[in-house]
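Open the model in your viewer and colour it by secondary structure. The tour starts with the whole chain and then moves to a few side chains.

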Amino acid sequence: VALSLAPAARTNGTATGSTVDLRGFDSAMCVFSFGGWTDGTHTPSVQHSTNGTAWDAAGTADLQGTLAAVSGTAGQNAVQRVGYVGGRRYVRAMMVTASATTGALSGANVNRSNPHVAPLA
């Protein structure tokens, strides 16, 4: 498990998660956690890269499942997750927040999976 986007109160702007290296793994699960929501729209996404420098949004063919924007109390205190099955070495979580004054609490972890060598210590 790797922390990509540290838990924090998010207001307007884009929060870019830390790079997670998938070397030695064939897939990953990106897990977004939401705490209390007060306002704004909070849109989670996953980016991927071959070199850790040039980033693109992971497309639908690279993801298993979907992520939904949180824009009300129905999305608070919940977890969203998508599987990453793309062929790139690096991934990171992103959160774009708009129309927020106090925002929402959120964070993201990346769980590496399908190791080339198992078991892991």
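Helices (H or I, at least four residues) and strands (E, at least two) are DSSP runs, numbered from the N terminus. With that in mind, the protein has zero helices and 10 strands. Walk from the N terminus and the order reads β-β-β-β-β-β-β-β-β-β. The radius of gyration is 14 Å, close to the 14 Å that the globule rule gives for 121 residues, so the protein is as compact as a globular protein of that length. That radius is taken over C-alpha atoms, and the rule is 2.2 Å times the number of residues to the power 0.38.

Two notes on the source. This is a predicted model, in which local features need pLDDT of at least 70, side-chain atom pairs count only at pLDDT 80 or more, and totals for chains, interfaces and linings use all residues. Residues are numbered from 1 along each chain as its sequence is written, and side-chain values use heavy atoms, with hydrogens and water left out.

**Whole chain.** Show the C-alpha trace. Along its principal axes it spans about 45 × 30 × 25 Å. Next, show contacts (heavy atoms within 4.5 Å). Among those between residues at least 6 apart in sequence, 80% join residues at least 24 apart.

**Surface.** The surface comes to about 6,300 Å², of which 51% belongs to carbon and sulfur atoms. Of the 121 residues, 41% count as buried. Buried means under 20% relative accessible area, exposed over 50%, and partly exposed in between (1.4 Å probe, protein chains only).

**Salt bridges.** How many salt bridges does a search of the whole structure find? The search finds two. The criterion is a side-chain nitrogen of Lys or Arg within 4 Å of a carboxyl oxygen of Asp or Glu.

Select Arg89 and Asp21. Their side chains meet in a salt bridge at 2.8 Å, N to O. The pair links distant parts of the chain, 68 residues apart: Arg89 lies in the loop between strand 8 (78-84) and strand 9 (90-98), Asp21 in strand 3 (residues 20-21). Arg89 is partly exposed at 33% relative accessible area. Asp21 is partly exposed too, at 28%.

Now select Asp56 and Arg88. Their closest N and O atoms are 2.8 Å apart, forming a salt bridge. Asp56 sits in strand 6 (residues 56-57) and Arg88 in the loop between strand 8 and strand 9, 32 residues apart. Asp56 is partly exposed at 38%, and Arg88 is partly exposed at 28%.

Methods
Accessible areas come from the Shrake-Rupley method with a 1.4 Å probe; for residues, only the protein chains shown count as cover.
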